[in-house]
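Hello,

Here is the structure I said I would pass on. Please look it over before reading the notes below.

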Amino acid sequence: MPTRTNRQFLLAQRPVGLPGRDSFNFVEAPLGEPGPGQILVRNHYLSIDPAMRGWMSDARSYVPPVGIGEVMRALGVGEVIASRHPDFAVGEHVNGFLGVQDYFLGEPRGFYKVDPRHAPLPLYLSALGMTGMTAYFALLDTGAAKGGDTVVISGAAGAVGSVAGQIARIKGCRVIGIAGGPEKSRYLTEELGFNAAIDYKHEDVTAALRRECPQGIDLFFDNVGGDILDAALACLALRARVVICGAISQYNATTVKGPANYLSLLVNRARMEGFIVLDHASRFAEAAQEMAGWLASGQLKSKEDIDEGLENFPETFLKLFRGENFGKLVLKV
């Protein structure tokens with residue numbers, strides 16, 4: 001095998017506030033060959049997710065933090081180009097934690113095969129990947145969505161929110177999305193079939209929720225946190241469910257803003273529960289099969305926002321925190 005060079009983004013420091021290019025070291029390292037039980041993958045697409053900001057912190061979390069000097073963690077899809085693992089052959093495509101780099105070399109722990117003949121590779125990072133699994137299980141298992149519910153989704157034009165809202169619609173719920181700007185609001189109602197959209201940049205969210213949810217919110221699917229979570233808590237229905245899937249407004253804050261309206265949970269005998277998709281890994285295949293059926297029938301749409309160039313990773317990553325991405329943010333290596 002000819003000698004290859006692997007471009008990599010290594011975590012340089014634990015950022016305080018918004019991360020920047022100086023949070024990483026961009027290096028070129030010689031690439032070796034697989035040892036026993038290892039595979040070499042040429043990375044094609046990387047998933048750019050808000051959770052990556054949490055992985056940069058050394059605070060206690062559901063996974064260990066990325067170490068200083070380690071390759072920045074990222075999910076991705078790529079092609080196996082060398083293998084010494086019995087379950088993965090050259091030419092197959094895989095999904096796994098490939099890292100922000102040109103190539104992955106190592107043991108394929110948690111990797112699974114994907115087929116570009118059945119769906120474009122970026123789709124395995126959106127509706128048919130961890131994004132879709134998050135939307136599916138957070139909404140249907142943790143949130144217990146059922147027909148007739150009034151469901152409100154924050155970050156509704158983002159990767160998870162847009163899928164979760166469509167699943168709620170498929171299940172017979174009334175769906176209201178909160179998003180930023182008229183273009184995203186129109187997308188939710190005109191393209192994805194949401195019943196209503198609230199533009200948090202141009203209207204009072206609490207007043208809009210009271211207008212759109214006169215009987216209260218049965219299920220609030222939160223990707224944002226902060227003031228929008230507080231607004232939703234003020235509008236809960238009796239026995240409402242609040243799913244904490246994310247809190248992107250707080251990820252770069254030096255002091256996290258907790259919910260001031262939490263007593264609404266007491267008054268309405270509601271519950272608020274955190275969600276981690278890895279808890280449902282044993283059922284991913286089941287969910288993927290149902291999601292694939294909805295995609296094939298046209299009931300579910302998936303939108304990918306694809307940037308190009310590994311070297312542009314820091315700037316692409318920051319799009320998440322500026323609200324600039326529209327759909328699932330993916331980086332083409």
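This is a predicted model: local features need pLDDT of at least 70, side-chain atom pairs count only at pLDDT 80 or more; totals for chains, interfaces and linings use all residues.

Residues are numbered from 1 along each chain as its sequence is written, and side-chain values use heavy atoms, with hydrogens and water left out.

The largest nonpolar core has 49 residues. A nonpolar core is a set of buried Ala, Val, Leu, Ile, Met, Phe, Trp, Tyr and Cys residues joined through side-chain atoms within 4.5 Å; buried means under 20% relative accessible area, with a 1.4 Å probe and protein chains only. Helix α2 (130-142) gives the most to this core, seven residues. (Helices are DSSP runs of H or I, at least four residues; strands are runs of E, at least two; both are numbered from the N terminus.) Tyr136 is among the residues with the most contacts inside the core. Its contacts (heavy atoms within 4.5 Å) include Ile167, Met291 and Trp294. Apart from this core lies another, of 29 residues, among them Ile48 and Leu320.

Gln250 is in the loop between β12 (236-244) and α7 (263-267). Gln250 counts as buried because its relative accessibility is 13%. Residues that Gln250 touches include Val224, Gly226 and Lys257.

Regards

Terms used. Buried means under 20% relative accessible area, exposed over 50%, partly exposed in between (1.4 Å probe, protein chains only). Lists of a residue's contacts leave out its neighbours within four places in sequence.
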